[in-house]
Amino acid sequence: MPPHALIIRAAGTNCDRELAHAFELAGAAVVVSHLNLLLEDPCQINRADIIGFPGGFSYGDDIAAGRIFAEQLRHRLIEPLRAAIQRSVPIIGICNGFQVLIKMGLLPDPESGRQQATLADNASGRFVARWVPLDVPKETVCIWTKGLSSLQLPIAHGEGRFVPVSGERLEQWRRAGQIAIRYGQGGNP
């Protein structure tokens, strides 16, 4: 039986079809569920073997990238999502989906119960769209990047600068292997 992949989308997300296609290519049976339907039937999360949050501009990113989507999830679906993490369900957030996971406090520390980092405005102060080199730390435990050393991916965001609550927390995540990728290449993060 193929793994059951659940993709959670909301108004403004626009990469759910690409994510569904990727999961299908990997052999998963995919269900794309709008947040409103998931709020009516949160048991869909209990049936998921993989959960994906696609990119886009959820709710127009009117307050901050991913903030409204994250707040709806945090207030109504945080417990089923934490239960999925406890069951070792892989969860991936791509682009705006990553911003959502950060803002709702599921990354990088789902046990903390609060947001431990944010994605702030780019240092340039401008929207950036280009391909970037990325390093994968050798010590990463991330199932999505473990075993890779470097890669190039496209970025397209105005709020992509990862800012941890403290340098100490960032160092804890690094030591625990929780850094999946980092900007830079060849030792120049």
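**Close-ups of a predicted model**

**View 1. Gln116 and its partner Arg169.** The side chains of Gln116 and Arg169 meet in a polar contact of 3.0 Å (a polar contact is a pair of N or O atoms within 3.5 Å; within protein, one must be able to donate a hydrogen and the other to accept it, and residues adjacent in sequence count only if both atoms are side-chain atoms). This is a predicted model, in which local features need pLDDT of at least 70, side-chain atom pairs count only at pLDDT 80 or more, and totals for chains, interfaces and linings use all residues. Residues are numbered from 1 along each chain as its sequence is written, and side-chain values use heavy atoms, with hydrogens and water left out. Gln116 sits in the loop between helix 6 and strand 5 (117-120) (helices are DSSP runs of H or I, at least four residues, and strands are runs of E, at least two, numbered from the N terminus). Gln116 counts as buried because its relative accessible area is 4% (buried is under 20%, exposed over 50%, partly exposed in between, with a 1.4 Å probe and protein chains only). Leaving out residues up to four places away in sequence, Gln116 touches Pro108, Asp109, Pro164, Val165, Arg169 and Trp173 (contact means heavy atoms within 4.5 Å).

**View 2. Thr118 in strand 5.** Thr118 is partly exposed, at 23% relative accessible area. Its side chain makes polar contacts with those of Lys103, at 2.8 Å, and Gln115, at 3.5 Å. Beyond four places in sequence, Thr118 also touches Ile102, Arg161, Phe162 and Val163, among others.

**View 3. Helix 6, mostly covered.** Of its 8 residues, 7 are buried, including Asn96, Gln99 and Lys103. The buried residues of helix 6 pack against strand 3, helix 4, strand 4 (91-93), strand 5 and strand 8 (161-164).

**View 4. The largest nonpolar core, with 23 residues.** Such a core is a set of buried Ala, Val, Leu, Ile, Met, Phe, Trp, Tyr and Cys residues joined through side-chain atoms within 4.5 Å. Ile51, Phe53, Leu73, Leu81 and Met104 have the most contacts inside this one. Among the elements giving it two or more residues are strand 1 (4-9), helix 4 (67-76) and helix 5 (78-86). A separate core of 8 residues includes Ala5, Ile7, Ala28 and Ile92.

**View 5. Confidence along the chain.** Mean pLDDT (the predictor's confidence in each residue, from 0 to 100) is 91 for the chain. Strand 3 has the highest mean, 98, and strand 9 (residues 182-183) the lowest, 88.
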